[in-house]
Amino acid sequence: MWLVCGRLLFEPATCNAADVVCCGFFSEFWRAFMSRSSNSGCRVVRPGDTYAGKQGLNYFEGIAAETVGSKGICMHLLTIPPGARAKAHLHESHETAIYVLAGEAHTWFGDRLEEHVVVKEGEMFYIPAGVPHLPANLSDKPCSAVIARTDPKEQESVVLLPELDALVPA
């Protein structure tokens with residue numbers, strides 16, 4: 001089913017009320033239609049706005065309890081600028097999976113950040129719940145990654161570990 005507003009054409013399965021800029025009757029009709037749609041609960045998120053994470057890096061808003069009402073997962077985009085690094089931290093009771101889209105990230109992990117890995121473009125990295133870690137971009141190019149976590153409230157489980165920051169040279 002396609003909906004028409006003026007000269008604009010919408011397919012309900014591929015857009016939501018936030019995508020529709022229209023006023024009056026059509027806006028109310030759209031909200032009512034979408035609330036009865038078999039696609040109710042499914043959302044398309046176009047990362048645009050950023051927020052400052054407790055970890056010291058800026059994240060693009062994505063899938064989270066705050067944006068789509070997710071109950072068991074969050075997924076965001078992160079670009080680490082050249083020379084930047086996060087603060088040492090862990091995610092209590094939540095696992096993290098990372099897929100590097102471009103560039104490479106150095107990550108120190110372990111109780112005293114004693115282990116080190118370089119995750120490159122096209123590679124994935126898994127961090128179990130409760131494991132301290134500190135990612136950094138030591139290259140001269142940005143590093144972009146998709147980050148998924150079993151915490152739907154993205155920042156809620158972040159625990160900063162300032163006593164570990166000095167263990168990784170700046």
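The model is a predicted one, in which local features require pLDDT of at least 70 and side-chain atom pairs are counted only at pLDDT 80 or more, whereas totals for chains, interfaces and linings draw on all residues. Residues are numbered from 1 along each chain as its sequence is written, and side-chain values rest on heavy atoms, with hydrogens and water left out. When a disulfide is taken as a pair of cysteine sulfur atoms within 2.5 Å, the count is zero.

The protein contains three helices and 13 strands, assigned as DSSP runs numbered from the N terminus (helices, H or I, at least four residues; strands, E, at least two). Of its 170 residues, 38% are buried. With contact defined as heavy atoms within 4.5 Å, residues 24 or more positions apart contribute 65% of the contacts that have a separation of 6 or more.

A nonpolar core is here a set of buried Ala, Val, Leu, Ile, Met, Phe, Trp, Tyr and Cys residues joined through side-chain atoms within 4.5 Å. The largest such core comprises 16 residues, and those with the most contacts inside it are Leu57, Tyr59, Leu78, Ile80, Ile98 and Val100. At least two residues of this core are supplied by each of strands E5 (74-80), E7 (96-102), E10 (124-127) and E12 (143-149), with E12 giving the most, namely three. Apart from neighbours within four places in sequence, Ile80 is in contact with Leu57, Pro135, Asn137, Pro142 and Cys143. A second, separate core of nine residues includes Ala88, Leu113, Leu134 and Leu161.

Ile127, which is found in strand E10, is buried at 4% relative accessibility. Its C-alpha atom is separated by 5.1 Å from that of Thr96, 31 residues apart along the chain, and, neighbours within four places in sequence aside, Ile127 is in contact with Glu95, Thr96, Ile98 and His133.

The accessible surface of the protein, computed by the Shrake-Rupley method with a 1.4 Å probe, amounts to about 9800 Å², of which 58% belongs to carbon and sulfur atoms. Tyr99, located in strand E7, is partly exposed, with a relative accessible area of 33%.

Key:
Buried means under 20% relative accessible area, exposed over 50%, partly exposed in between (1.4 Å probe, protein chains only).
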